[in-house]
Amino acid sequence: MKKILDIKGMSCSHCQAAVEKALNGIDGVEAKVDLGKNQATVNLDKEIDDQVLIEAVEEAGYEVTSIS
């Protein structure tokens, strides 16, 4: 399963790395952040609630504006 997260507040490669680290720290998640699009592409090995993804991004200091 694949989800696209729109993320607000990222402005540099450090931001990108922080969000990737936060999302990849969730069991069953493989995430890649596109800084130019302010999006994270998240591949899930199992069902993970959107709220878990949102909280991981928020703990890294950024805001998820939408998930598709």
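Six bridges join strand β2 to strand β3 (residues 39-44), and the two run antiparallel. Strands here are DSSP runs of E of at least two residues, and helices are runs of H or I of at least four, numbered from the N terminus. Two strands count as paired if DSSP finds at least two bridges between them. Within this pair, D34 stands opposite Q39 in β3.

The structure is a predicted model, in which local features need pLDDT of at least 70, side-chain atom pairs count only at pLDDT 80 or more, and totals for chains, interfaces and linings use all residues. Residues are numbered from 1 along each chain as its sequence is written, and side-chain values use heavy atoms, with hydrogens and water left out.

The protein chain holds two helices and four strands. Read along the sequence, they follow the pattern β-α-β-β-α-β. The four strands form an open sheet in the order β2-β3-β1-β4, with antiparallel pairing. Its edge strands are β2 (29-34) and β4 (63-67), each of which pairs on one side only. From one strand to the next, the twist averages 30°. Axes are lines fitted to C-alpha atoms, for helices over the stretch in contact, and angles run from 0 to 180 degrees between N-to-C directions. Strands of a sheet pair through backbone hydrogen bonds, either parallel or antiparallel.

Strand β1 takes part in two further pairings. β1 and β3 pair in the antiparallel sense over five bridges. In this pairing, K3 stands opposite V42 in β3. β1 and β4 also pair in the antiparallel sense, over four bridges. Here the bridge partner of K8 is E63 in β4.

Helix α1 (residues 13-24) packs on the sheet. α1 touches β1 (2-8), β2 and β3. The direction of α1 makes about 165° with that of β2. Contact means heavy atoms within 4.5 Å.

The overall dimensions were then computed. For 68 residues, a compact globule would have a radius of gyration near 11 Å; the protein chain has 10 Å, which agrees. This radius is taken over C-alpha atoms, and the globule rule is 2.2 Å times the number of residues to the power 0.38. Along its principal axes, the C-alpha trace spans about 30 × 20 × 15 Å. Of the 68 residues, 37% count as buried. Buried means under 20% relative accessible area, exposed over 50%, and partly exposed in between (1.4 Å probe, protein chains only). Among contacts with a separation of 6 or more, residues 24 or more positions apart account for 58%.

The largest nonpolar core has 20 residues. A nonpolar core is a set of buried Ala, Val, Leu, Ile, Met, Phe, Trp, Tyr and Cys residues joined through side-chain atoms within 4.5 Å. L5, L23, V29 and V42 have the most contacts inside this core. The elements that give two or more residues to the core are β1, α1, β2, β3 and α2 (50-59). Helix α2 gives the most, with four residues. In soluble globular proteins, nonpolar side chains tend to be buried together.

L23 illustrates these contacts. Not counting residues up to four places away in sequence, L23 touches L5, V29, A31, A40, V42, L53, A56 and V57. L53 is found in helix α2. L53 is buried, because its relative accessible area is 0%. Leaving aside neighbours within four places in sequence, L53 is in contact with K3, L5, L23, I26, V29, V42 and I48. L53 and E20 are 33 residues apart in sequence and 11 Å apart in space, C-alpha to C-alpha.

K3 lies in strand β1. K3 has 10% relative accessibility, so this lysine counts as buried. The backbone oxygen of I48 lies 3.5 Å from a polar atom of the K3 side chain. A polar contact is a pair of N or O atoms within 3.5 Å; within protein, one must be able to donate a hydrogen and the other to accept it, and residues adjacent in sequence count only if both atoms are side-chain atoms. Beyond its neighbours within four places in sequence, K3 is in contact with A40, T41, V42, L44, I48, D50, L53, I67 and S68.

S68 is found in the segment after β4. S68 is exposed, because its relative accessible area is 61%. S68 touches K2, K3 and I4, not counting residues up to four places away in sequence. S68 and I4 are 64 residues apart in sequence, and 5.2 Å apart in space, C-alpha to C-alpha.
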